[in-house]
Amino acid sequence: MQAHNGMYIDGDWRPAAGDGTIEVVNPATEEIIGTVPAGTAEDVDAAVAAARAALPGWAATEPAERAARIGALRDALAARRETIAATVTAELGAPLSFSEAVHAGLPITVAGTYATLAAEHSFEEKLGTSRVLHEPVGVVGAITPWNYPLHQIVAKAAPALAAGCTMVLKPAEDTPLVARLFAEAVAEAGLPAGVFNLVTGVGPVAGQALAEHEGVDMVSFTGSTAVGRRIGAIAGGAIKRVALELGGKSANVVLPSADLVKAVKIGVGNVMANAGQTCSAWTRMLVHADRYDEAVEIAAAAAAKYVPGDPTDPATRLGPLVNAAQRERVTGYIRTGISEGADLVAGGPDAPEGVERGYYVRPTVFAGVTPEMTIAREEIFGPVLSVMRYEDVEDAVRIANDSSYGLAGAVWAADEAEAVAFARRLQTGQVDVNGGRFNPLAPFGGYKRSGVGRELGPHGLTEYLQTKSLQF
Ligand code: NAD
């Protein structure tokens, strides 16, 4: 067990003001694998003061210099790739192969995109008689969740730093160890002291102090809609910039002409990845009535192949959920699905066979799910898929858009133009067409209650800029 007592503030590891600690638990073994300090408002104050002091210098650096530092940060992360993957597997429970490819690989890629974007972005433009300057928003308070712990840090830190902002990060309680690795990489990359600061702590104390801090010009939050609403209200009250990346209940629409087997199998894989703890997961699969029974059979068989197991075993595809509370929440939703009359065709609320320890949930598929059921409306955040029936294309559009969320989605059809025409009618921030690949440059973010603002690529960079017009 590693007991850490420092927080990264003003370019150094400093002891916390208080003596509270947070225990980090391995969700597969239920063992405590480390402790980190539980920061308080005093630590947040020190971190924000460091970020404010560093702001004028960093904001004035040439974009090429910021690009070089972000490139060095990318390299420092790449040098830690294996440690990052092992750490995320230990504190989140993600299967090691997934941790290597996604939890370590994706943030390295995203950091690389911002090394390029920082150098290439036009921080000035001419508009008629005006010269428009794109200037950094200022000090950013970043609050991140545990489900893609390093990706969500990098998706805020890399564009904020590229824009010339300085920042304070408050990572999730469950996954602070990979956040510490990120701070080590920042130190190695030679960013000036105070440009990036890390305060570990619990949400209602350190997170809230950061969101409320007068020295913070913008709050960028990823997490639940409930906390996002609070943060939005705090930011609104103080008239400061806010970006919110919240939950989802995305639709995977299999049009009648689609390759059903492919669409259903990839759809199941999308939901089971990361044990279903993905905000953009396609948790509602919509299939035409004529092919519905066939789809349910394929989905149940595909889900059964995700056998829960030890995440450090290279063969494991489904690890545990992050903590006991999430397991209770998810199994509670499975019970609700059964009691509201959905047909359980794979999995269920009981612990997987032979599992004595760890917060495991069976890969679960419900058929006969109708739009008013709780499991069709609320984000479950576990390995649970709802298969829903539609009668015609109009019905599919209506069901897909019948959600308070609008983060992601998918459309499958034999003809790409048919799929694109359908995608245009979806009220959601991203749509994957016929299994389109994740693009780290594409704007990511939500319609409706899935959030405010966009992350990644050039759109993610402009979130951290404000404009000043000079007239001549
Ligand atoms: P959460 O909202 O409980 O926590 C997220 C972060 O907010 C954590 O760092 C937490 O400490 C902090 N926090 C909690 N209470 C706070 C408060 N009062 N003031 C300030 N900060 C506070 O969410 P979670 O359980 O960590 O993550 C799961 C949820 O996040 C899911 O609903 C999921 O859909 C959503 N999510 C969305 C995205 C996205 O990009 N849209 C990505 C990941 C997760």
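Two strands are said to pair if DSSP finds at least two bridges between them. In this predicted model, strand E7 (residues 130-136) and E21 meet that condition, pairing in the antiparallel sense over 7 bridges. Within this pairing, Pro 136 stands opposite Leu 465 in E21.

**The sheet and the hairpin**

The pairing of E7 and E21 belongs to an open sheet of 3 strands, whose order is E6-E7-E21 and whose pairing is antiparallel. The edges are held by strand E6 (124-127) and strand E21 (465-471); each has a single partner strand, so one side of each is left without a neighbour in the sheet. From one strand to the next, the twist averages 25°.

Another antiparallel pairing joins strand E2 (residues 6-9) to strand E3 (residues 12-15), over 4 bridges. Here Ile 9 stands opposite Asp 12 in E3. The hairpin of E2 and E3 has 2 residues between the strands, and Asp 10 takes a positive phi near 55° in this hairpin.

**The ligand and its surroundings**

There are 29 residues around the ligand, and those that come nearest are Thr 144, Glu 173, Ser 224, Leu 246 and Glu 379.

| Residue | Protein atom | Ligand atom | Distance |
|---|---|---|---|
| Thr 144 | polar backbone atom | oxygen | 2.7 Å |
| Glu 173 | polar side-chain atom | oxygen | 2.7 Å |
| Gly 203 | backbone N or O atom | oxygen | 3.3 Å |

On its own, the ligand has 840 Å² of accessible area, and the protein covers 89% of this area. Of the elements, H7 gives the most to the shell, with 4 residues.

By residue class, the shell around the ligand divides into 14 nonpolar, 10 polar and 5 charged residues.

Conventions. Residues numbered from 1 in each chain as written. Predicted model: local features only at pLDDT ≥ 70, side-chain atom pairs only at ≥ 80, totals over all residues. Heavy atoms only, no water. Near = heavy atom within 4 Å. Polar contact = N/O pair within 3.5 Å; in protein donor to acceptor, adjacent residues only side chain to side chain. Areas by Shrake-Rupley, 256 points an atom, 1.4 Å probe, with all protein chains shown as cover. Nonpolar A, V, L, I, M, F, W, Y, C, P; charged D, E, K, R; others polar. Axes fitted to C-alpha atoms, helices over the stretch in contact; angles between N-to-C directions.
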